[in-house]
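Reader: I've got a model open and some questions about it. Can you walk me through the numbers?

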Amino acid sequence: MSTSGKVAVAGVAAAIVLFWTVGFWAGLLVLIGVPAAAYLLLDSSQRRRVRGLSRKQIGR
């Protein structure tokens, strides 16, 4: 299994546990809020690199 597949499986497992322990809306807030806050803490060059990783770049 690829690294991104393992991360996806771990994310789904964490979401199920979080929804079960704190409720749906609080769990959804955490699952969306934590990555969004982490992205906002990056500076502009790091954000550009993250955006570049998610796109198919021609010539690389």
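Reader: What ground rules apply, and what is the mean pLDDT of the protein?
Author: This is a predicted model, where local features need pLDDT of at least 70, side-chain atom pairs count only at pLDDT 80 or more, and totals for chains, interfaces and linings use all residues. Residues are numbered from 1 along each chain as its sequence is written, and side-chain values use heavy atoms, with hydrogens and water left out. pLDDT is the predictor's confidence in each residue, from 0 to 100. In the protein, 88% of residues reach 70 or more, and the mean is 83.

Reader: Which element has the highest mean pLDDT?
Author: Elements are DSSP runs numbered from the N terminus: helices are H or I with at least four residues, strands E with at least two. The protein has 3 helices and 0 strands. Helix 3 (residues 44–54) has the lowest mean, 82, while the highest, 87, belongs to helix 2 (residues 24–40).

Reader: How far apart are the end C-alpha atoms of helix 1?
Author: The expected span is 1.5 Å times one less than the number of residues. Helix 1 (residues 3–22) has 20 residues, so it should span 28 Å, and this agrees with the distance between its end C-alpha atoms, 28 Å.

Reader: Which residues do ring pairs link into a cluster?
Author: Rings of Phe, Tyr and Trp (its six-membered ring) pair if their centres lie within 6.5 Å; planes under 30 degrees apart are stacked, over 60 edge-to-face, the rest tilted. The count is 2 aromatic pairs. F19 and F24 are tilted at 5.1 Å and 45°, while F24 and W25 are edge-to-face at 4.9 Å and 80°. The cluster is therefore F19, F24 and W25.

Reader: Is W25 buried or exposed?
Author: Buried means under 20% relative accessible area, exposed over 50%, partly exposed in between (1.4 Å probe, protein chains only). F24 is partly exposed at 45%. W25 has 66% relative accessibility, so it counts as exposed.
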